[in-house]
Amino acid sequence: MTTTTPKSRTDWLIFFRRAKNVDTLDLMLDGALKKLNTPAEQADAILGHEARLNELEGLGR
């Protein structure tokens, strides 16, 4: 089975939705950033991470 790297911010958000808490989310971002080569790819991952973080924080209220 081959895995593909998400290509857009929306794809990254979907990928990061597997994280059910902030600690897991941060670990997922760290791993993703190590594998991405360009600043644009890294920016999309960071923005997807921030979107999921906002969702998780909204659930905690």
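How much of the accessible surface of the protein chain belongs to carbon and sulfur atoms? I looked that up before anything else. The surface comes to about 4500 Å², and 54% of it belongs to those atoms. The areas come from the Shrake-Rupley method with a 1.4 Å probe; for residues, only the protein chains shown count as cover.

Ground rules. I am working on a predicted model, where local features need pLDDT of at least 70, side-chain atom pairs count only at pLDDT 80 or more, and totals for chains, interfaces and linings use all residues. I number residues from 1 along each chain as its sequence is written, and side-chain values use heavy atoms, with hydrogens and water left out.

Fold. I find 3 helices and 0 strands in the protein chain. The order from the N terminus is α-α-α. The radius of gyration is 11 Å, close to the 10 Å that the globule rule gives for 61 residues, so the chain is as compact as a globular protein of that length. Helices here are DSSP runs of H or I with at least four residues, and strands are runs of E with at least two. The radius is taken over C-alpha atoms, and the rule is 2.2 Å times the number of residues to the power 0.38. I also boxed the C-alpha atoms along the principal axes: roughly 35 × 25 × 20 Å.

I took contact as heavy atoms within 4.5 Å. Of the contacts with a separation of 6 or more, 62% are between residues 24 or more positions apart. Buried residues make up 26% of the 61. Buried means under 20% relative accessible area, exposed over 50%, partly exposed in between (1.4 Å probe, protein chains only).

Aromatics. I see 3 aromatic pairs. In one of them, Phe15 and Phe16 sit edge-to-face, 5.4 Å centre to centre, with 65 degrees between the planes. Rings of Phe, Tyr and Trp (its six-membered ring) pair if their centres lie within 6.5 Å; planes under 30 degrees apart are stacked, over 60 edge-to-face, the rest tilted. Ring pairs link Trp12, Phe15 and Phe16 into a cluster. Phe16 is buried at 0% relative accessible area, whereas Phe15 is partly exposed at 25%.

Arg52. Is Arg52 buried or exposed? Arg52 is buried, with a relative accessible area of 7%. I place Arg52 in helix H3, residues 39–59. Leaving aside residues up to four places away in sequence, Arg52 touches Leu13, Phe16, Arg17, Ala19, Lys20 and Leu25. Phe16, one of these contacts, is also in the ring cluster.
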